[in-house]
Amino acid sequence: MAEPLLSLQGVSIAFGGLRAVQAVSLQVAPGTLTALIGPNGAGKTTLFALMSGFLKPDAGTVRFDGHDITGQAPHLNARAGMTRTFQIVQPFAAQTVRENIAVGAHLHEPRRAAALAAAERIAQRVGLAPLLDKPAGDLTVAGRKRLELARALATGPKLLLLDEVLAGLNPQEIAEMIPVVRALVHGDAASGIPGGVTVLMIEHVMQAVMNLAEHVWVLAQGQLIAAGTPAEVTNDDRVIEAYLGHGTAARLRGAAG
Amino acid sequence: MKDLAAIAAFAAVVGGLTLGIDSGVWLTFIMMALYASLLAQSWNILGGYGGQFSFGHALFFGTGAYVQAIVQLTLGWNAWLALICAVAAAACVAAFVGALTFRYGLKGSYFALVTLAFAEVFRILAVSVDFTGGGVGLMLPLRESFGNMQFGSRRGYIGLVLGFVVAAMLATSWLRHSRFGAQLQAVRDNEDAARAIGVNPWSVKLAAITLSAAFMGAGGAFYVQVFQYIDPGLAFGPVSSVEALVAAIVGGMGTLWGPLLGAAVLHLLAELTRNLFGQLPGLNMIIYGSVLVLIVMFVPRGLSGVGLSVRQAMRGRRG
Amino acid sequence: MYDSGILFSSVLNGVTTGAVYALIALGLTLIYGVLHIINFAHGAALMVALYAVYLLKTHFGIDPYLALPLVVPGMFGLGYALQRGIINRAGHGKDENILLVTLGLSIVLENLALLLFKSDTRTIETPYTLTTVAIGPAMIALPKLVAFAGALAASALLLLVLTRTDLGRAIRAVAKEKHGAKLMGIDVDHVYAMCFGIGLACLGAAACFLLPVYYVNPQVGAGFVPVAFTIVVLGGMGSFGGALVGGLLIGLVESLGGLFLGESLGQIGIFAVFIAVLLFRPQGLFGAKA
């Protein structure tokens, strides 16, 4: 591929005796929608923290947009174009939806009125327009997830790290979110989303992964055990075993006859 | 803008009252209520909008007060020039303390404790050092004139403190409608989320504590001009710290008018009690402390109702 | 420069004072370790205890050491009531509000004392106040020695209660895992109040040992607050061993610091240690987490 947007080389971190992430290397191409999956406790969120600067790796490098950003502070990474969301949503509860998103817009927009206007535009794109003046603390889980997404989007990122943006949503809500996420990368005239953002998502909802991701990495116990298209990866023995236990793949094949 | 109009109206009303009223008692009441409002509004900038609870704001008050006195007494400079120095000194102290404590990520109770510790250190230093007059303190000679910032009647002082209060209100209004204010409140509400979208918590908090301290220092300078006396206990003792924080919380922190409301109510309460029971030592503080407990227990959002509950303002510390 | 007698005397002084500091700090660290609240009212409560001991002596002629069985349960009751009646209710279950409530309580208590007793410093006279004992090259006041022994004994008793009794087990369970403890049928609110009560009871004991060699006025609590907090953060919040060791250490630092640097600078030294620990090593020497 051409110069990857994000490139990890041998990134590792350990907490006390626990090796949370071990020598992970991967490359995210610009303009792609990719996914990071793996069983609980695999280290996916830790990896996001390492990419975005919330944690400093013990070893390895992180390169973004041609620069070495290993261990760089999160706010600097955001300014460079990498924004992450959180698995457990973190709204600015005392402020309205509009004000929340405006903080993101302010990253590149110093004027208040312009930032608030940008917030309104983005809210419309992700379907939050009717809730603009509601305090963020009053939103449902689905609303908060959208808010998290909208706020991150307002920073005008090149790379968006979405951490389980579909977790806690019911099937209807998931179905509504999927096209929004796709539009981030590929654009959608109808909703006015311009596209062009590279997205890397941590996801457990397989329906979304199969539907959206062009390329998938699988993390288990801190190590990258597989990579490829969704179809390739879900058929990989090692991946099946990571989720369902040792020997499962063979048993499934045996049962299939 | 709504805020500006309201602030202007407020200033006009107070100004009108001041010019119209002749009673010395009432003029003094207005002056002290405004003074308390200044302290409360300044604490509100860091505590209500920044989410950092300082228990030692007297640190900045005392710095302003002492610099105001020392510059006039030792350097012989003009009182207005001294004011600039006082405010600048308070801001510098804040920048130092803020840079240190925020650099090391102190939040919540630990931040409160450290501010208390710094205030105490300065108090002890003020007692031990000569140029502050030691334990005896410093006295400003009576030389009434506008140039000396000493006014014959309360009206002059009210004009002065009203100016400070209006400035503090304008600064707070700016926080509500600016990028800096939005970033500051984001850091208050959720520091990690703020970092993820490009806000630098250290620099934002540093700016907030410096701004807050500037107004607190002005309050200290004002105190010296009015009472013409300062000593370590008055400067760095708990009274001004407590007045500032209780008034802001009682009125509703994180709002524009809350601190003013809180200051007015508390001062009224103090005056009423003084009229009923006389000038008893410690009575004021008992009231402040009790009101604080009661408000936190029953009306956590403060009297203005729309103030942030203490809980919400401090939730950011977990971020 | 300083002869060994003065040095030794200073060390002795520091250690005996340190033991009492440790007892005070133990109460504070217990409250933090279990309730996770920083009790700003700790100093004020000590002052209340000291006044209680003082009044028992001046109005009823009860010797401070004999007052132990009165003051300790009394302080326990006060602590229980304060926690159950005010702090728990004001906190709405959240740690954050409690910060302000304990601050408010400390302000009220201190100024109430100011109102009732004026700011006069008072001391008591006992037949043994001026008795001294020789230890090595130094002379030390007998009450200080008793304070040392008493404080250590009280600390040991506290540790026994925490490790050997059912209440102690319940307290440790709640400290570790509140919700789990609740599920096991432990009345968490009651345990919290017991804990706060015990914390204040420590102050009651400390006051009985302290008054014969010290004094009381409304500001006396404020003088102990920085020391107590410094010990707790130095030793590590919630760490018992830390509070004990920290107490003795700080007692020494204060005594020797006062000897070499003079009173004021010695006091600043304590604050400097406090600020430094919070900035650079918030978990303290023995603590697990900040």
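Helices (H or I, at least four residues) and strands (E, at least two) are DSSP runs, numbered from the N terminus. The model you see is predicted, so local features need pLDDT of at least 70 and side-chain atom pairs count only at pLDDT 80 or more, while totals for chains, interfaces and linings use all residues. Residues are numbered from 1 along each chain as its sequence is written, and chains are lettered from A and ligands numbered from 1 in the order in which they are written.

Let us start with the sheet of chain A. Its 6 strands run in the order S6-S7-S8-S3-S9-S10, forming an open sheet with mixed pairing; two strands pair if DSSP finds at least two bridges between them. S6 and strand S10 (223–228) of chain A stand at the edges with a single partner strand each, so one side of each has no neighbour in the sheet. S10(A) pairs with strand S9 (residues 215–220) of chain A in the antiparallel sense over 5 bridges, and A:Leu224 in S10(A) is the bridge partner of A:Leu219.

Helix H6 (residues 171–186) of chain A lies across S3, S7 and S8 of chain A, at about 145° to S8(A). Here axes are lines fitted to C-alpha atoms, for helices over the stretch in contact, and angles run from 0 to 180 degrees between N-to-C directions.

Finally, where do the chains meet? In all, 25 residues of chain A are in contact with 20 residues of chain B, contact meaning that C-beta atoms, placed from the backbone, lie within 7 Å. Among the elements giving two or more residues to chain A's side are helix H4 (112–125) and helix H5 (141–153) of chain A.

Terms used
Contact = placed C-beta atoms within 7 Å.
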